[in-house]
Amino acid sequence: MCAAASYGDIRALLRFEFGYHFRRPVFWVVLGIFALLGFADAYSNGSRGNAFFFINSPSQIFQTTIWYGLFSVLAATAFVAESCVRDARVGIESLILATPVSKFRYFGLRFLAAFLVGLLAFSGYLPGMIAGSLMPGLSPYAIGPFRADAYVASYLLITLPNLCVVSAFAFALAAPSRSMVVAYAGAIVLVMIYIAAMLLVGVEQLDYDMLDLWSLADPFAYFALESQTLAWTVHQHNTLMPELSGRLLANRALWLTLAAGAWLFTYRRFDMRPERRDGKPARTPAQPPAGGALASRAPPPAGRASTWSLLWSATCFETSMVLRSRVFLMLTACGLVSLFFAAAGSRSFEHSDPSTDILIHTASMYFDYVLFAIIVVYAAELMWRDRDVGIASVLQATPAPSWLFVLSRLGALFAVITLNLLMCMAVLAVYQVTQGYYRFEPGLSAFMLFAVNGPYFYFIAVLAVFLHVAVRHKYAAIALLLLIALLQIPLDAMGLHHKILHFGESGDIGYSPMNGFGGLLNGYFWYVAYWAAVCGVLVVLACLLWPRGAVRPRVWRDASRRSRLLLAGGALAICAAGGWIVYNTAVLNPFEPPGKDLTGAQFERLFKRYEHLPMPVVVDTRVAVDMHPSQQRFVAHGRYVLENRSGRPLTEVHVATYMNLRLTRLDLEGARLIEAHPQWGYYIYRLATPLPPGARTEMTFVTRSDAPRGFRNQSDSDDLPLFAANDVVGNGSALYSPFILPVIGYTRLVEHQEAWKRAKLGLPPLQAAQGGAPGGPQRPHFVSHVVWGAADVTVSTDADQTPVASGHELKRWQQGGRNYLRVRSEGPHAGVFTLYSARYRQQVLEDAALPVELFHHPAHAGNAAFMGQQLAGLADFYRKRFGAAPFDRLRLVEFAYYPGMVFWDSGTLGLPEALAWKARRDAAGEDAIVGWLGYLLGHAWWEGRIIAAEAPGSLVIRESLSAYATNLYRREMHGRERFLQIKQGQMRDFFRALGRVDFAEPALADVGNEVLIARYKGQMMLELIEAQIGQPALLAAIRQFLDTHSGADRPYATLAGLRDAILAHSPDALRPRIHALFHDVVSYRHEVVSATLSPGQAGAYRLALQVRTRRLVAQGLGRQIDSAMDFPLPVDIRDESGRTLLRTTVAPGQHALDIAVTGRPHSVVLDPDAVFPSADRSGLARRVMPATAVRAGL
Amino acid sequence: MLEVRHLNKRYANGVKALDDIDVRLAPGVFGLLGPNGAGKSSLMRTLATLQLPDSGSIRLDGVDVLAHPDEARKRIGYLPQEFGLYPHVSAQAMLEQFALYKGVGPARARRDLAHHLLQQVNLYDARERHLGGFSGGMRQRLGIAQALIGDPALLIIDEPTAGLDPGERMRLQNLLAELAGERVVLLSTHIVEDVQALATEVGVMRAGRLVRRGRPADLLGELRGRVWSGRQNAGDPLDPDRHVISRRVLGGVQHVRVLADACPGPGFHAADADLDDVFFTAIGTH
């Protein structure tokens, strides 16, 4: 009877709770939000078609689910926390707790019901996500097979545990405090920690130690999943299901245990006797003061408060209410700590020092989530507090004008935002001090925080206040606020990039240490003015709509004359600012001109048919380039000497120009223009008399760029850069000659290599140029119209800047208030050069074997000396290994980061400000500096001696040799251990990046423009080859290859030539296997299965090893096929101190070894020098176990 | 002077909360009696500019309250039946904030005014305590204090003594008695004792209508000689022919009061009419 009644009671209690929650609009609002989020996100990603990554692959579903988990704190707080607070808030707690209800039925069941309801509401994302991925019209490259098991697995492994965790902690916060604000604050703290963790682990470069730590410490399992999938290929990302094992299992177990612990602790502490719940004696209300004669004096005289003093006093009151609360103090304390950790994440941006700009950039990523969440929570708290407390009707009956209520609360919100930004300034300065960095730049910090990043948050605060007033429902207003803030996602998916449509967005502007904001602030502040006008109107409307009891104001009819004038003025300001913006972004400048992708596609579509037409090559270049940084333009007057090397008479000369470049004049001897496509930069000239084979002719031309007019709509979402690669900027310009001078003939530079992108743009599959076929070894790689020749370049710039160019410096002079430089160069790629202009500080190292000149931003003098020394050392190293330098001096030049490129022409190395110049001077930072210098120097060294052919694999020559040579230098500079760490880090970084590429990994011999493969895979293969044939043999092969092609125009060098040189220096037995390294996509996975120790003879030991060695050949997007191991695998037997007792090898095909060792072995390490490229190195080392322990099953 | 003309209000659920309320109130305490749901609070909220009637007019010292609510609020002090206070704010600070909302300035003047009012309501010694620790009576007195800011011409006080202990209720009654002066005090309650102690005029509302109105003495005079008191056993049914004003069971005996022009029967004796009788005869069904 009791059990049946008990079960029935439980059902009834649960039914009541479910009914309560389902009748609340907030359930349907939360359900709707997540359904919409899942749908919009899936549809948006599927429409964009991000390469081959299936948006509905198992790993992507897991990742997306984890991201949504961050928002699940909203669901947990809205239901679980509310269920703890509800009774106290309405005043019914005493009534219920005075009944004989048990704690389990009252508290436990209520939590269970709230948790299930929250889970149900949050689960709205699932049908939304599925529906979004099933919509018609999505990119076929983005959608894989429907994997129901992936949705189920992610729900069980991610959604359910994550919601358990956030619910348990919401419960732990709300139950003792009886406060929703405390619960929301806890949620914000969780988000703070999470964002700080993401920044700490690294945005661009991963800190793997931090990743290991956070794979356990992260309650949402993002890093645990990242650890598991770190080295997955694209194919594996698309097909494999993440497993509940390793760190993911540990993470789930840890956090579910912590959640259960928190829940149990709170549950047990909850006292069913309200008066003693907190362990203190019942609080006696303050006794009223002793009664006495009532004062009957007349009230003191008082005047009317002025409008400003009213507003000031009311705002101070509202602000003090916020700032004095314990919750805010807790948030502030956590925010300080989190910001500090977030600042530490700045090192992941190319090992940057903690300069102000990079710290603000890091902090802005933090604020995008945290400050936004704070505004959402506090706006709701400020706008609904009076109703929740029960004082609303009293206040609304006072003669206080409605604007006072609105503006004072808005002022409090603004104060919270301002305080956070000020706090950020202080924390970042403290962080800089802790890192020994003392260039504080408070002006820049304040400007970036308040003028650049800050306005958005103030706009959001206004929107929040307006929505709460207009919508008159707390959670509906919050939902609408979130929707408006996230509206950018679907708008971008629809191609509506204009900032005028994205609430509060003011354009993307970047800060350059050299070039400041580069004129981008003009447009930016017009957007700020526009949104400020919009917000002004919203504020007036909020004041007019402020409720007085149940009276609904009629906005226009009840508005005072002043309000109407303000509204009209605001509307006018919106039209004026908006009109000016539209004029600049759509009339003065083309709105959404085709970006790089579309331009390249259209160019190829129209002109690829001319690819195989024979064209002359440039054998001599003479050009005068006048750069005008103060006006942001240049003009180039040039002359080419063209030579017909095609072997047949030429009747046409085709000329192409880079986007944004104007060709204002072109004269070709004896030719007339027959076809012009200025929109695409393609021109066809017909020669009156065909140019015979071997003959030369001259072409003169004038190219220019225009000074910018007005401003453009800058957006992260469209394909338009802030500055084009051939834009002259105020300080720190770098102009690359193919972008500023005409190109002869069709160029493959513009062609998209990625198969998915070609299909998306309607282009046919790419046909690679084959050796021997037209366009094969007879054409230079990359810049195919420039061959072995000469260049004479004169560059001028403004009087306050220094021009720099590659080549032998002939003369510097001043003339007409400008600075001039003339240089000359001869040899391969002489017609390819880069021109620089900036307010440089110059340093010269004349006493190095090869003189080094540095041209750098004055603020970056700290690293310049180190970089100069390292460059001199590298040059000496290269000279000893690879022969004399092909240039007489080295230049290292800094420029603004916009082109996104590096340069190395004729010994003048161009490195943007974001790389190396401001790297930290710790071990990792200095290694990064060496890496970049070695990389660029290598490029300059090879390309100063040889021309690679336009053939598959040619990119590998310069990329792999540069990377390999740099590692040789590192090996000499560091000890073995340090170098091993670097190598292992390189390997991890490579395979992590490989899992995110948008192309199928080609074999080295098939590489087109895949720099990642050419550089890092090529380097690893060379190191593997070195391990097989020895360093002297490999270096001899490389020297032979260089010597074959140095000083010769044709035949151009190919990867096949390098390969054959290496094979010639390899033992016969190894040649087929080394040959395969160039033609297969190879990686390895080795594992020590067991290492068992037993006593040997005469005090020695016997070690029995079982190993598994795998050579993996990848096909397609990374589907890996096992194949026979090709090379012997080194094995180190080490003692307890890590010293190597014995090194032996595992022969190909061998799986078991029986080794006699003198000295007690402690561990076994396969591939101790990390020469075999392996995505997963976790099984390479193992402790040696005594045989007796193994037999005992220990 | 408060003039309410033909005020009507029907809510969306069909309930007629105000049914042709028509009354002029001179300075003094007007006690508004009525059972729950009679429309007292609806009338209060309408007078406090927190809701609009369907028809009718309200003028306070010549100001059209419905057309010029902002102006009217300067002349009104309002204390609703249920209200809250910020728990972590002191009484002084809360009162100053109310003074701010009522346009009092500068800051010093608000402070002085708050001091004065706290003394007036006998909360001066508790001025620095947080409101979260105040007793019910203290909260009500603070509520009165905020309603007095700006020396309003109309004080609207809804159920001020509900839930207070006898000591607190007496203190509050004493306070309210001091307040009338030259202003209209509209005091709504269903505790007849409050009206008896304070009101110079009494009104009784039932189902949205003002069914009785007058000075207490006059209303009592209407019942003089017509109220009869008797006893009967607790379980005995009431005679349906008698106009029963009220009945009370004490110790197993029913004490019945009946309205009749003559003695209704044996066991009944004449009784002095009181305001309870006025209330029950006004709201009772015949």
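In the second largest pocket, H21(A) gives the largest share of the lining, five residues. The model is predicted: local features need pLDDT of at least 70 and side-chain atom pairs pLDDT 80 or more, while totals for chains, interfaces and linings use all residues. Residues are numbered from 1 along each chain as written, chains are lettered from A in the order written, and side-chain values use heavy atoms without hydrogens or water.

**Second largest pocket**
- A pocket is an open set of points on a 1 Å grid over the protein atoms alone, with protein on both sides within 12 Å along at least five of seven lines; lining residues have an atom within 4 Å of a point.
- The volume of this second largest pocket is about 1500 Å³, taken as the space filled by probe spheres set on the points.
- Its lining has 45 residues, and Pro401(A), Ser402(A), Trp403(A), Ser560(A) and Asp70(B) lie nearest the centre.
- Helix H17 (402-434) of chain A and helix H2 (69-73) of chain B are among the elements that each supply at least two lining residues; helices are DSSP runs (H or I, at least four residues) and strands likewise (E, at least two).

**Largest cavity**
- The structure holds 13 cavities of 30 Å³ or more, a cavity being a set of points where a 1.4 Å probe fits but cannot get out.
- The largest cavity contains about 130 Å³ of space.
- Among its 18 lining residues, those closest to the centre include Thr233(A) and Gly1118(A).
- Helix H29 (976-994), strand S20 (1082-1095) and strand S21 (1101-1115) of chain A give two or more residues each to this lining.
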